[in-house]
Amino acid sequence: MRAGTTLLRPHPRVSLLLHRRSAAVALVLLGILVAAVLTSACVGQTYIPPAQVWHTLRTGSGPYDLVVNELRVPRIAVGVLVGAALGLAGALVQTVTRNPLASPDVIGVGHGAAAATVLALATGVVSSPGALPVVSVLGGLVAAALVYVLAWRRGMQPSRFVLTGVGIGVALSAVVQLYLTDSELEAAEQVKLWLTGSLNGRGWEQAWPPAVVLGLSLPALVWASRALRSLALDPETAAGLGVRVDRVRLGLTVLGVVLAATATGAAGPIGFVALTAPQLARRLTRTPQLPLLNSALTGAVVLVAADLVARTLLPPLEIPVGALTALVGGPYLLWLLGRRTATR
C-alpha cells in the first residue's frame, strides 16, 4: 500500500484505496465552492442577505424571487455543472495525450461546436437559438471523431492526435471567420457572443443537459479513475500488464469529448478551464495521475468564481466569463510553457 493512502473495506468483497491528501483537498474545494456559490447568489447590482436568499429559495416567493430564482441560481447551477464537466474533460484528455498543455479545445471540440453552429445558422437549418446547444454538441462530437480517425495509424499516438486536432481546429476556425465576415450584423453579433462563452441569461433549460450527462457518466467515471492509473505507465508496460491501451484511450477520449461538448453546448466555448483545472488539482493533491473528483471541483470553483468577478467587476457591464478566463489563462499557459521548457 502506498504511503499516504488508507485501505477502506465497506464490504468484505469491496476494498478501496483512499488517498488522504486528495480527500482533504476535495473537502476544502467543496467548502470553497459552497462559499463561492453563496457569494454569487448574494452579490450583484442588488445585494441580497444570505437569510433572504435562503428564504426565497425555500418559499419561492418574496421581493427577491425574480433575482434569486430566475436570474442568479440557475446561472450558478449552469456554472457549477459546466465547470465540473470541463475539469473532468480536461483531465481525461490530458491523460490520453500525456500532455499537460492539451485540452478538449486542442482536439477540436470547441472549434467543431462553433463551426456547426455557424453552418446551422447560415443554411437556415436552425432558426431558434434554443436549438443551438444541440447543434454545438453534435459539432463537437463530429470534430473530435474526425480528429481521432485521421490520427489513427495502427494505433493512436498522443503526439499525432494533438497535432491533428490543432490542424482541424485551424480549418474549422476559418469556417467561422468566413461566416462572420459575410453574415448580417445581427447574426454575426449573436455568434460572436456565443463564441466568447458566457453564463449570462443561462437558465434551467441549459442546466439539465450537463446535469443528465454528468449523472449518466458516473459509472464510466468510476472506470476512468481506475484506467488513469494504467495509462500513467508507458504503453509497453501497460500492455505487458494486460491493459488494452488503445481501447482504454478511446474510451477515455469519448467520455472526455462528450463532457466537453455538452459543456460547450450549455455555455459556449469557455477557454482555459479544462486546461488549468486538472493541473491545479494535481498540484494540490500531489498525486501521480490527474485526480478526477478534484479536477471537477476545481473546474466548478474556477468557473463560478470567474463568473462572479465577470459580472461584478465593471457594473452594470457584464464581461463574458470566457473573456475573463482567457485573460487569466493566457499568462498561466505561458508560465506552464516556460516551466516545461526549463525542466528539459
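**Salt bridges and helix pairs**

Modeller: Gladly! By the rule for salt bridges, the count comes to two. Please keep in mind that this is a predicted model.

Colleague: What makes the pair Arg-75 and Asp-307 a salt bridge?

Modeller: The closest N and O atoms of Arg-75 and Asp-307 are 2.9 Å apart. The cut-off is within 4 Å, so the pair counts as a salt bridge. Arg-75 belongs to helix H3 (residues 65-97) and Asp-307 to helix H13, so the bridge ties together parts that are 232 residues apart in sequence.

Colleague: And what makes Glu-318 and Arg-75 a salt bridge?

Modeller: Here the N to O distance is 3.0 Å, and the limit is again within 4 Å. Glu-318 sits in the loop between H13 and helix H14 (321-343), while Arg-75 is in helix H3, 243 residues apart. Through shared partners, the salt bridges join Arg-75, Asp-307 and Glu-318 into one network.

Colleague: How do you know whether Arg-75 is buried or exposed?

Modeller: Its relative accessibility is 8%. Buried means under 20%, so Arg-75 counts as buried. Asp-307, at 3%, is buried by that rule too.

Colleague: Let's turn to the helices. Why are H1 and H13 called roughly parallel?

Modeller: Helix H1 (residues 20-42) and helix H13 (residues 292-312) pack at an angle of about 25°, their axes 9 Å apart. Angles under 35 degrees count as roughly parallel, so the term applies to H1 and H13. The crossing of H1 past H13 is left-handed. Residues in the contact include Leu-29, Leu-33 and Val-37 of H1 and Leu-297, Val-301 and Arg-311 of H13. By type, the contact residues of H1 with H13 divide into 15 nonpolar, five polar and one charged.

Colleague: Why is H8 described as roughly antiparallel to H11?

Modeller: Helix H8 (residues 204-216) and helix H11 (residues 245-267) have axes that come within 9 Å and cross at roughly 170°. Since the threshold is over 145 degrees, H8 is roughly antiparallel to H11. On the H8 side, Gln-206, Pro-209, Pro-210, Val-213 and Leu-214 make the contact, and on the H11 side Val-258, Leu-259, Thr-262 and Ala-266.

Methods: Residues numbered from 1 in each chain as written. Predicted model: local features only at pLDDT ≥ 70, side-chain atom pairs only at ≥ 80, totals over all residues. Heavy atoms only, no water. Axes fitted to C-alpha atoms, helices over the stretch in contact; angles between N-to-C directions. Helix = DSSP H or I, 4+ residues; strand = E, 2+ residues; numbered from the N terminus. Parallel < 35°, antiparallel > 145°, perpendicular 65-115°, else oblique. Contact = heavy atoms within 4.5 Å. Left-handed = near helix turned anticlockwise from the far one by under 90°. Nonpolar A, V, L, I, M, F, W, Y, C, P; charged D, E, K, R; others polar. Salt bridge = Lys/Arg side-chain N within 4 Å of Asp/Glu carboxyl O. Buried < 20%, exposed > 50% of the residue type's maximum accessible area, 1.4 Å probe, protein only.
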